[in-house]
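Subject: Structure handover

Hello,

Here is the structure for you to look over. My notes follow below it.

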Amino acid sequence: MLVGIYPVEKTQTAYSATRYQAVLLLLFCVVILFVMISGLFFYRLHKRLLPLQKAMEVATKNSTIPQKISIKKGKIDEIAQLEFAFNQMSQQLKESYQKEKEEEKLRQKLIADISHDIRTPLTVLRGQTAQLERENLSEKGKLTLTSLNQTISYIGELVNNLLDYSLLQAGKYPYHPQVVNIVRLVRVAVASWYPTFEQKDFRIDVCLPENHSFTWEVDPQWFNRVLNNIFQNVLRHASAGKYLAIFLDFKTEQLTIKDHGPGMGHLSANQGLGIGLTVSRYMLEQMSLEINFVSSKHGTSVQISKKLD
């Protein structure tokens, strides 16, 4: 009886081994099938998301509004919803950008019209005040006339600043940078203002030695515009101190303009620094320069230097 048991056990062992191998083969096929299906799924997903990625990359590089992508007809799934949302966003951005451009054109036209409309009566007022200056006025009348002339000039400066700001924002203010000797440029600007400050009894300290110099790449007209704005503010807001100093630090290549006025802290927002300072900051920034103010009750120091990288 023992002789007949061995073939049965051997057969069972072979069957178990075969079944084990079949299970392993089945599992291997399932894994391969799963990998193939997953790969196909992610390939199709990547293929559908790729146009979105390219559209965003083009918009980022060119700083433009992303263009719409084509959507294939078919089942509306999550990716299709994302594509519809992307196209909707692109359309909204395009409409918003177009509306902004139209509003900017209207704003520029409005500013130009207002500037023209204000300049006309200012010209008339200047003619009338010039006629009054030839009249025999009392001391009080002369003081009033002087104050009126200052107010007219002040309004004219505000109009010019407003128009300049509008042109700068529109990119229509001519910019011609060149390498300029800063000592010579500042010296010419100070010389043009010197008589005005002398007339107002300012004590003027100027340290611009001819044997030292350095150059900046700037637009001479823009830089003069900035200096004129600073000198106007000194004349208007720091006349009580009767002091003006202009000097250059050749080691740090920094221009400093100081006064002994009450300081900028006493000025309210509507006393003329806003638009002119904004124009000056914008011009200096385009020329890779920066402006800093150090102000106290003893006066204000305006510092212009190269922008740090």
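Does Lys142 count as buried, exposed or partly exposed? At 42% relative accessibility, Lys142 counts as partly exposed. The cut-offs are these: buried is under 20% relative accessible area, exposed is over 50%, and partly exposed is in between (1.4 Å probe, protein chains only).

Two notes on the basis. This is a predicted model, in which local features need pLDDT of at least 70 and side-chain atom pairs count only at pLDDT 80 or more, while totals for chains, interfaces and linings use all residues. Residues are numbered from 1 along each chain as its sequence is written, and side-chain values use heavy atoms, with hydrogens and water left out.

Overall layout

The chain has six helices and seven strands. Both are DSSP runs, numbered from the N terminus: helices are H or I with at least four residues, strands are E with at least two. Along the sequence the pattern reads α-α-α-β-α-β-β-α-β-β-α-β-β. The chain has 309 residues, and 28% of them count as buried. Take the contacts between residues at least 6 apart in sequence: 71% of them join residues at least 24 apart. A contact means heavy atoms within 4.5 Å.

Salt bridges

There are four salt bridges in the structure. The term means a side-chain nitrogen of Lys or Arg within 4 Å of a carboxyl oxygen of Asp or Glu.

Lys142 is in one of them, with Glu139 as its partner; their closest N and O atoms are 4.0 Å apart. Both residues sit in helix H3 (residues 139-169), three residues apart, about one turn of the helix. Glu139 is exposed, at 57% relative accessible area.

Arg236 and Glu157 form another, at 2.1 Å from N to O. What does this pair tie together? Arg236 is in helix H5 (residues 220-237) and Glu157 is in helix H3, so the bridge ties together parts 79 residues apart in sequence. Arg236 is partly exposed, at 28%.

Arg225 and Asp164 also form a salt bridge, with the closest N and O atoms 2.9 Å apart. Arg225 belongs to helix H5 and Asp164 to helix H3, so this pair joins parts 61 residues apart in sequence. Arg225 counts as buried at 15% relative accessibility. Asp164 counts as buried at 12%.

Aromatic pairs

The structure holds nine aromatic pairs. Rings of Phe, Tyr and Trp (its six-membered ring) pair if their centres lie within 6.5 Å; planes under 30 degrees apart are stacked, over 60 edge-to-face, and the rest tilted.

Phe214 and Trp216 make a tilted pair, 5.3 Å centre to centre with 55° between the planes. Phe214 is buried, with a relative accessible area of 6%. Trp216 is buried too, at 2%.

Phe214 also pairs with Phe250, edge-to-face, at 5.9 Å centre to centre and 80° between the planes. This pair links distant parts of the chain, 36 residues apart. Phe214 is in the loop between strand S2 (203-207) and strand S3 (215-218); Phe250 is in the loop between strand S4 (243-249) and strand S5 (254-259). Phe250 is partly exposed, at 24%.

One aromatic cluster takes in Trp193, Phe197, Phe202 and Phe231.

Best wishes
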